[in-house]
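Here is a short briefing on a structure with several chains. Look at the sequence and the model first, then read on.

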Amino acid sequence: MILLECKNLTKQYGFHTALSHVSLQVGSGHIVGLLGPNGSGKTTLLKLIAGLLAPTAGMAYVMGEPIGIGSKRLVSYLPDHPCLGGHMRVQEAIHFFEDFYVDFSADCAHDMLDKLDIDPCCRIKSLSKGTAEKVQLILTMSRQASLYLLDEPIAGVDPAARDYILRTIISNYNENASILISTHLISDIENILDEVIFIQHGSIRAHCPVDSIRQQEGKSIDSIFREVFRC
Amino acid sequence: MLAKLIKYEWKASYKTLTAVNLTSAILTLLGCLFLRLAASSREEGILLSILFIVFYTLSLSAFNLVTQFYIYFRFYRNFYTAEGYLMHTLPVTPLQLLHSKLIVGYLWITLNSLLNLLALAALTWSSGLLELPNAYTELLILYRYTFGASPLQFSLLFLASMVISCFSTLMMGYLSILLGQLVEKYKLGAAIGFFIALYLGSQIIASLVTVFPSVLQALSGRLGYYGQFGLGFYGGIIGVVCLTQLLFGAAFYAICLFLMQRRVNLD
Amino acid sequence: MPWNLDSDRPIFIQIIDRIQADIIAGCYQPGDKLPSVRELAQDASVNPNTMQKALSELERTGLVYSQRTSGRFITEDREMIRALREQQGQQIALHFLENMKKLGYGKDEILALLTQLLETALHNQPHSTETHGHSAETHTHSAETHVYSAETHTHSAETHVYSAETHGHSITPHAQPYNAAVHAQPEQKQQHKSSAQESLAEACKITTWRIP
């Protein structure tokens with residue numbers, strides 16, 4: 001089943017082209033890495049699919065639904081910066097998600113907060129940056145969405161929590177959903193990926209299964225990335 | 001969904017706005033007490049009363065502005081800054097988002113204006129003016145003379161115009177923010193610019209429109225005695241003001257609806 | 001048990017190697033039930049699809065079979081396991097011999113070195129120590145005191161310089177954790193069991209064998 005389909009997606013800001021004719025398909029049951037240097041269009045692509053940007057041209061569909069209220073029900077998006085209201089407590093943020101998303105599990109969220117030692121009664125603005133990111137990730141992953149879009153989920157997080165987060169991503173895996181992860185920390189994450197998309201200057205350079213790259217090149221994705229995108 | 005949006009918008013805004021209104025109410029109470037005490041017609045008492053009234057009127061206007069701009073600020077912050085990433089990925093329609101802000105914002109602005117009216121009434125009552133002999137009859141004559149209508153009629157019209165202008169002011173603010181989003185860079189600056197433009201434009205148009213009937217009357221030679229002129233002049237205004245504000249409000253609202261339906265472009 | 005998967009090579013192949021090694025070592029007894037794909041994937045921190053691919057491949061070779069409702073099980077065919085063990089042993093030995101040849105060792109020299117090392121190893125019982133901060137494989141080493149000259153089998157002890165790999169990959173010195181050779185004998189039929197041989201109860205603990 002094709003979960004995500006992008007047809008000729010283009011996004012221009014005046015004279016600058018952020019994305020250029022991006023066409024791709026992602027099936028269900030995959031954990032896909034979206035890899036590329038800074039400014040390559042990864043965040044733009046994710047925001048377009050999440051419905052936060054309007055494309056200059058092209059279309060995107062999530063399970064056949066065009067980007068809109070229908071697709072937003074199916075997509076769980078994690079931005080790369082904090083977006084929760086500072087005045088809220090963590091507990092209130094959980095209620096918020098519970099209220100708006102049918103597929104949200106408050107028990108799951110509380111469980112994860114517990115494991116990561118975060119007090120639900122804290123105000124979000126009083127949390128450290130890394131902890132606030134963890135909270136956001138927990139809220140995103142506590143949904144049973146069809147498509148998860150994670151923009152740099154582990155960048156600001158300590159290594160132990162990183163492991164926990166990667167294990168959570170694996171445990172959340174189900175054959176009917178897919179996860180699209182955009183990240184720079186390739187070596188940490190490459191073992192959990194089964195497909196990878198290389199993007200540069202707003203266009204897709206490659207989209208293939210991870211093991212076939214390893215077999216072909218005999219190198220890790222991290223090494224290939226460094227070679228391909230060498231400065 | 002709309003109800004939920006309203007709930008969360010209320011939760012986010014009630015603390016600040018309750019504080020503002022509460023402060024205003026406390027000031028009013030103090031003012032009333034003060035006026036009662038200073039009602040002894042000593043010279044210093046009267047001077048102080050006047051000073052107080054000036055200060056008080058200014059602060060009422062200030063609180064009104066604070067409420068108004070806080071509502072605008074909530075709209076901007078919740079939709080077009082980092083929080084927008086959360087709000088615009090919720091499974092709700094853009095119109096639901098707009099209406100949730102509209103309803104809560106309108107409630108607060110109207111509440112604030114009504115409280116201001118009540119405050120003025122309370123001050124008037126406690127200043128002791130109404131306890132003067134024949135105060136009410138004098139007031140009635142004054143009303144007819146100035147406004148060409150009984151206090152009741154006038155008050156109702158005045159209330160209506162206030163309620164309508166709260167709506168149009170609110171929509172003007174939201175519209176300027178939405179117009180600001182159309183621009184590529186410096187969206188907030190553009191929003192402020194649009195607001196100033198819309199404000200000035202609407203004031204000019206309103207002035208022209210209200211002056212117009214009286215100019216007509218004057219030209220048609222019905223000057224005669226000042227009282228009659230006064231009657232026509234002020235009598236017509238309130239109705240025209242109501243109508244103008246209603247038209248503005250409706251126009252701003254319609255454009256807001258259109259702009260909200262466009263796909264958002266969050267930075 | 002850390003999996004220590006190398007990003008340079010296809011993960012599913014490494015998973016297959018590891019599970020095969022575990023079977024040979026006796027961590028999984030014939031007939032044992034394997035954990036679910038999801039559990040294994042979480043344990044190894046790999047994509048469940050990759051784990052699924054590895055397990056399907058193992059099913060194809062017959063080392064593992066699945067029962068629709070109950071899950072996956074290790075084969076009861078001990079012959080197959082023994083054959084696999086011999087095949088792995090041979091490959092490791094061949095690699096070892098190849099490398100020793102590159103160093104210029106002759107047949108007698110190799111035999112002498114091996115005999116010496118094995119004797120020393122016999123005296124220094126295998127103990128659990130960490131290597132240089134790397135976590136080592138969790139396979140048991142059985143210390144063999146005999147070198148079979150009559151048969152074609154040579155049980156080699158591990159060399160701690162080279163990581164032994166299967167499937168024909170060339171041996172390259174890695175700074176990676178060392179894969180140790182796996183030589184636990186689940187069978188009790190062998191006559192030539194030395195006193196240094198580990199019992200199965202000591203299987204699957206972390207051991208390294210530092211050759212002085």
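Is the crossing in which H2(C) passes H3(C) right-handed or left-handed? It is right-handed: H2(C) passes H3(C) that way. Note that this is a predicted model.

**Helix H2 of chain C and its partner H3(C)**

- The axes of H2(C) and H3(C) come within 9 Å. They cross at roughly 115°.
- On the H2(C) side, the meeting residues are Val37(C), Arg38(C), Leu40(C), Ala41(C) and Ala44(C). On the H3(C) side, they are Pro48(C), Met51(C), Gln52(C) and Leu55(C).
- By class, the residues of this contact divide into seven nonpolar, one polar and one charged.
- Which residues of H2(C) are buried? They are Val37(C), Leu40(C), Ala41(C), Gln42(C) and Ala44(C).
- These buried residues pack against helix H1 (11–25) and helix H3 (48–61) of chain C, together with H6 of chain A.
- An α-helix has 3.6 residues a turn, so residues three or four places apart point the same way.
- Ser45(C) follows H2(C). The phi of Ser45(C) is positive, near 55°.

**H2(C) against H6 of chain A**

- Helix H6 (residues 159–172) of chain A packs with helix H2 (residues 37–44) of chain C at an angle of about 165°. Their axes are 9 Å apart.
- H6(A) and H2(C) are therefore roughly antiparallel to each other.
- The crossing of H6(A) and H2(C) is right-handed.
- H6(A) makes the contact through Arg167(A), Ile170(A) and Ser171(A). H2(C) answers with Arg38(C), Ala41(C) and Gln42(C).
- The contact of H6(A) with H2(C) has two nonpolar, two polar and two charged residues.

**Chain A with chain C**

- The contact takes 22 residues from chain A and 16 residues from chain C.
- Three helices of chain A give two or more residues to the side that touches chain C: H6, helix H8 (210–217) and helix H9 (221–228).
- Which helix gives the largest share of that side of chain A? H6(A) does, with four residues.
- The side of chain A that touches chain C has seven nonpolar, eight polar and seven charged residues.

**Chain A with chain B**

- 18 residues of chain B are in contact with 21 residues of chain A.
- Helix H1 (2–38) and helix H3 (84–87) of chain B each supply at least two residues of the side that touches chain A.
- H1(B) gives the most to that side, with three residues.
- The residues of this side of chain B divide into 10 nonpolar, four polar and four charged.

**Chain B on its own**

- How many helices and strands does chain B have? The tally is eight helices and zero strands.
- Along the sequence, chain B reads α-α-α-α-α-α-α-α.
- Chain B has 267 residues, and 30% of them count as buried.
- Take the contacts in chain B between residues at least 6 apart in sequence. Of these, 78% join residues at least 24 apart.
- The domain assignment gives domain 1 (1–132) and domain 2 (133–267) of chain B.
- In chain B, 22 residues of domain 1 are in contact with 19 residues of domain 2.
- Helix H2 (43–80), H3 and helix H4 (94–126) of chain B give two or more residues each to the side of domain 1 that touches domain 2.
- H4(B) supplies the largest share of that side, nine residues.
- That side of domain 1 divides into 15 nonpolar, six polar and one charged.

**Positive phi in chain A**

- Asn8(A) has phi near 55°, a positive value in a residue other than glycine.
- Asn8(A) lies in strand S1 (residues 2–13) of chain A.
- Asn8(A) counts as partly exposed because it has 14 C-beta neighbours inside 10 Å.
- Asp117(A) is not glycine either, and its phi is positive, near 60°.
- Asp117(A) sits in the loop between helix H4 (106–115) and helix H5 (129–141) of chain A.
- Is Asp117(A) buried or exposed? Asp117(A) is exposed, with 9 other C-beta atoms within 10 Å.

Terms used. Residues are numbered from 1 along each chain as its sequence is written. Chains are lettered from A and ligands numbered from 1 in the order in which they are written. This is a predicted model: local features need pLDDT of at least 70, side-chain atom pairs count only at pLDDT 80 or more; totals for chains, interfaces and linings use all residues. Axes are lines fitted to C-alpha atoms, for helices over the stretch in contact, and angles run from 0 to 180 degrees between N-to-C directions. Angles under 35 degrees count as roughly parallel, over 145 as roughly antiparallel, 65 to 115 as roughly perpendicular and the rest as oblique. A crossing is left-handed if the near helix is turned anticlockwise from the far one by less than a right angle, and right-handed if clockwise. Two residues are in contact if their C-beta atoms, placed from the backbone, lie within 7 Å. Ala, Val, Leu, Ile, Met, Phe, Trp, Tyr, Cys and Pro count as nonpolar, Asp, Glu, Lys and Arg as charged, and the others, Gly among them, as polar. A residue is buried if 20 or more other C-beta atoms lie within 10 Å of its own, exposed if 12 or fewer, and partly exposed in between; C-beta atoms are placed from the backbone. Domain bounds come from an automatic or database domain assignment.
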